[in-house]
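Hi everyone, thanks for coming.

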Amino acid sequence: MTVVVGYTPRPQGRAALRVGIAEARARGEDLYVLNVSSGASLSDPTYATEEQWAEVVEELRASGVEHRAERHVDGRGGAEEVTRAAAEHDATLVVIGIRHRTATGKMLFGSDAQRILLDVDCPVLAVKA
Amino acid sequence: MTHALPEQAPAAPERARVWPEYAFPAGLLALGVFTLVDAATIAVPVSTNTVGPRVFPYAVGALLVLAAVLVGLGVRRGERAEIEDGEDVDTTAATDWPTVAKVAAAFIALVVLVEPAGFPIAATVLFGAVAWSLGARPLLRPVLVGALIAVTLHVLFTQVLGVFLPAGPLEGVPGFG
Amino acid sequence: MGDIGLLMDGFANALQPIYLVYALIGVTLGTAVGVLPGIGPAMTVALLLPLTLTLEPTAAFIMFAGIYYGGMYGGSTTSILLNTPGESASIVTALEGNRMAKAGRGAAALATAAVGSFVAGTIATMLLTLVAPTVARLAVQLSPADFVALMVVAFLTVAAMLGTSPSRGLASLGLGLFLGLVGTDSLTAQQRFTFGIPALADGIEVVVVAVGVFAVGETLFVAARLRRGPVPVIPVSGSWMTREDFRRSWPAWLRGTAIGFPVGTIPAGGADVSTFLSYSAERKLSKRKSEFGKGAIEGVAGPEAANNAAAAGVLVPLLTLGIPTSATAAVILAAFNSYGIRPGPLLFENEPELIWALIASLYIGNVMLLVLNLPLVGLWVRLLQIPRPYLYAGILTFAALGSYAVGASTTDLVLLGLLGLLGWAMRVFGYPIAPAVIGLILGPIAEEQFRRAMQISQGDPTALVTSPFAAITYSVLIGLFALSWWLRRRQSRLAAEVLGDDDVVPATEALPAGEVVDREGSGEPQPTGVLPVALLDPPAGTTPDDERGDRR
């Protein structure tokens, strides 16, 4: 039984991490934190740098919650990976950060948040920054 | 922190690529010989005094042959190609032929389509197919982006800059020319 | 009227609102495309050439000047904020600039690069203003045989110096010269190497070749070995320039300019040699040698200045002699030709209005770049987020558009594809692209001059070497070879020294990822988790003072 957090080094991602820690603590469950880049572009601001990731690891360690944190590049992209991780780890809750998107942006580039909301089998908690 | 790229493998051991090393100089040699032979068929008008239209081609042919021989000798001495480095190029990877074939096919489609179907449609096909070949998913997305870009470019070039581009079936539609 | 008066006229011309708009479009597009990964200055200029197809010459060249300077500028931003393998001209900037950025002084690095480029670009443009008309006046007296000598110099140096080995450079030059032969002989109207294809009778469009070998070749090259995975972009942090930064930067800017301009004027000198020379000079002269490799501001200021000064230096032989010494210059020469304008000694006499407006617009472009670049860093960095599939699809689409637009013929598209295959093969087998492009453009001009020289001498080939100028040129050529060979050796030794130094994390294939030494681990007041885009306001407390540097 796990709480899965889809992390991005953005305000809403950090908010999701905080909420995820609190939820895992309250439920007495493990925490699984995931940061994925599709690796499609040379620069991907949703992918944590070493420093940013070190902070995440530090925050998790300080929380005392049983956790695992993983950061990797996968061509399928963040939404698929979070969905897969939720199934694999028998998630009871998935926490993601969301933000405003324009209609055109969503049409052209899709919305990871929307895909996770629709594809994940367990409840999804959407956190705003 | 390491600023290396995540999937950059340690330098690959030198692969046995001696044969293709010779392919390029062989091609050069063939081109050089062809140039020399074909130069002899260039008609020289009677009026030409001194240096006619053949001399320079002879020189270029000779240069090509010389370069081919020099490169060939270099390869024999153990000179190996240094693959060009680039921000988006994984120099350690092997050539991904299926992707190249898809990109080439997309380009051929453009050449075939551009006049009958018009630039907006042909360019949409090219953009969508190339982006898809390079990994953009789902297909609909690169096609939509491609259509947007193709139409924008078409309108910009034909309407604003006054360059001719075939409109194909969109001929007569306002804004497409 | 003196040159100053002509320059003033040029300004009066170039400052017209419509021309300012063209200049602004040029610098913006040039920078934007130059920032994109995988696109060097020559490709930037070639890709954007079609945009100027239908403009009148003055407007076209003002826009072009902007694209040229903007494209040069774009690369440095990328190399400071990323640490990726890229063009050799930006390796040096990346060395110190990237270190500075990681130490929380990215803003200062960008500022010294931008201001240094501006200072160097402006001084070098002034030098161009002073030198070019004089050179042109002297060049008017040159005979065709003298021009042949100059072109031989250009061909040989370019072939020998650009690329990994002289023989491969020569091969590339030969390919270019062959492509230049295709078409109708201008003196006798005989068709040569047209294979009976009518579309080839007018020769191969230079734009098609340039875009084919650069853009299509690069796309195929990338498609075959696509790299996946992002590199971290370092947030722009720290204060812009402190007084100390400025004090350390300005001598480096001036030295960089002094090195870059003359190096730019010699064939195959170009940007990368000048940056390496400037870097080594700065390191030698610095009182803080230990800071080099760890983010010394002089190591960004000098090479960036040298880079831009060289860009102006390249224009001297291009405008006064009609001889391109780099691939970018060759593409610009092609643009001149497409307007029926022949750069060379007579350019200043025949087209004074155009040329002085062009030079004036170089000054204006420099100012625009200074004003545009720093505030827009966030936007430029955003361009790096374009997914590679879309980026290369876009490059290919634009390449196809440009090639079709010049002649409205599908034959050009077929040629574009074939030349793309050639460009790909050349990249894979390590043949430099630039000599081919220069050979293509300069070949026909050289042939014409050669034949004229022979006509004047009535077939006596010794006339080619007996004129005093030609004799001196050939002797200088030999000297130049010795010098360039020495420069190259210095550069490669320096590159080995600098890049091989394990204090430095270079962006070359020489160092595999696993061996990169982690020196930044902790301790730096890194502002974390801030988007580069959002971070134009430096967070408080992230301004490490200068002396502390990075020594721990």
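I'll go through a sheet in chain A, then the makeup of chain B, then an arginine in chain C, and finish with aromatic rings. Please keep in mind that this is a predicted model.

Let's begin with chain A. Here you'll find an open sheet of 5 strands, in the order β3-β2-β1-β4-β5, and the pairing is parallel. Which strands sit at the edges of this sheet? They are β3, covering 67-73, and β5, covering 124-128, and each of them pairs on one side only. Going from one strand to the next, the twist averages 20°. As a bit of background, the strands of a sheet pair through backbone hydrogen bonds, and this can be parallel or antiparallel.

Let's zoom in on one pairing.

Helix α1 of chain A, residues 11-27, lies across β1, β2, β4 and β5 of that chain. With β4, which spans 91-98, helix α1 makes an angle of about 155°. Helix α2 of chain A, residues 50-63, lies across β2 and β3, and runs at about 165° to β3.

Next, please find C:Arg192, which belongs to strand β2 of chain C, residues 191-192. Is C:Arg192 buried or exposed? The relative accessible area of C:Arg192 is 3%, so this arginine is buried, the cut-off for that being under 20%. And who are its partners? Leaving aside neighbours within four places in sequence, C:Arg192 touches residues of chain B, namely B:Ile42, B:Pro53 and B:Pro57, and residues of chain C, including C:Leu181, C:Asp185 and C:Arg451. C:Leu181 is 11 residues away along the chain, and the two C-alpha atoms are 6.7 Å apart. C:Glu447 is another contact, and a polar contact of 2.7 Å connects its side chain with that of C:Arg192.

Last stop, the aromatic rings. Over all chains, the structure contains 17 aromatic pairs. One of them is C:Tyr68 with C:Tyr69, a tilted pair with 5.8 Å between the centres and 35° between the planes. Both of these tyrosines are buried. Another pair is C:Phe348 with C:Trp356, and this one is edge-to-face, at 5.9 Å centre to centre and 75° between the planes. C:Phe348 counts as buried because its relative accessibility is 11%, and C:Trp356 counts as buried because its value is 2%.

There is also an aromatic cluster that brings together B:Phe34, C:Phe178, C:Phe193 and C:Phe195. And here is one more ring to look for: C:Arg168 lies over the face of C:Tyr431, 5.1 Å from the ring centre.

That's my tour, and I'm happy to take questions.

Conventions: Residues numbered from 1 in each chain as written. Chains lettered and ligands numbered in written order. Predicted model: local features only at pLDDT ≥ 70, side-chain atom pairs only at ≥ 80, totals over all residues. Heavy atoms only, no water. Phe/Tyr/Trp six-rings, centres within 6.5 Å; stacked < 30°, edge-to-face > 60°. Buried < 20%, exposed > 50% of the residue type's maximum accessible area, 1.4 Å probe, protein only. Lys NZ or Arg CZ within 6 Å of the ring centre and 35° of its normal. Pairing = 2+ DSSP bridges. Helix = DSSP H or I, 4+ residues; strand = E, 2+ residues; numbered from the N terminus. Axes fitted to C-alpha atoms, helices over the stretch in contact; angles between N-to-C directions. Contact = heavy atoms within 4.5 Å. Polar contact = N/O pair within 3.5 Å; in protein donor to acceptor, adjacent residues only side chain to side chain.
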